[in-house]
Amino acid sequence: MANLVLYTLMSLDGATEDPHRYFPETGDKHGAPVSDADLERLEAAMLARQDAVLLGRRTYDQWSGYWPTSDEQPFADFINTVPKYILTSTPLTGNWNNSHAVSGALADVVADVKARSTGDVGVHASITLAQSLLAEGLVDELCLAVGRVLDPVGPRLFAALTAR
């Protein structure tokens, strides 16, 4: 059975809003947050196990305007071809390849997406969705890329949890 794998970039103190603050760009390079060979190797292995993605609506709206024309690898090829299930109550806009609107009780949506998948189901970015999945105990695996900085700004991944 598929696992639901929550992957996020965050600061040491759990901020998740802006990866550029805790994986900063260098010099004149603008684009994806800077990482190292180990992080890239681990991310590639995690992506290789995923054959579907569950996203929140705000992430879909932001990413559907960026990733279809991006050449930032390996994520661009992955996210542009994998089936994307977007948790939303309104119709999707745009034509991002392999995107499907889903709605309903969160546990039911997760069960349905996992049943359609032979590999893992990834949750990328989508902090509000990630917090809800954690609160309902629906996450099977956490993959956290933690930058070596403290960031006093932005939502915290674990802020809403009331129990372990």
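**View 1. Y66 in its loop.** Y66 sits in the loop that runs between α3 (57–63) and α4 (75–81); helices here are DSSP runs of H or I with at least four residues, strands are E runs of at least two, and both are numbered from the N terminus. Y66 counts as partly exposed because its relative accessibility is 38% (buried is under 20% relative accessible area, exposed over 50%, partly exposed in between, with a 1.4 Å probe and protein chains only). From Y66 to A76, 10 residues along the chain, the C-alpha atoms are 9.5 Å apart. Keep in mind that this is a predicted model, with local features needing pLDDT of at least 70, side-chain atom pairs counting only at pLDDT 80 or more, and totals for chains, interfaces and linings using all residues. Residues are numbered from 1 along each chain as its sequence is written, and side-chain values use heavy atoms, leaving out hydrogens and water.

View 2. R49, D120 and E141 are linked in a network of salt bridges (a side-chain nitrogen of Lys or Arg within 4 Å of a carboxyl oxygen of Asp or Glu). The R49–D120 pair has its closest N and O atoms 3.2 Å apart, and it connects helix α2 (residues 37–49) to strand β5 (residues 120–124), 71 residues apart. E141 meets R49 at 3.0 Å, N to O; E141 is in strand β6 and R49 in helix α2, so this pair ties together parts 92 residues apart in sequence. D120 is buried at 10% relative accessibility, while R49 is partly exposed at 35%.

View 3. The side chains of R57 and D61 pair up at 3.0 Å, N to O. Both lie in helix α3, 4 residues apart, or about one turn of the helix. R57 is buried at 18%, whereas D61 is partly exposed at 37%.
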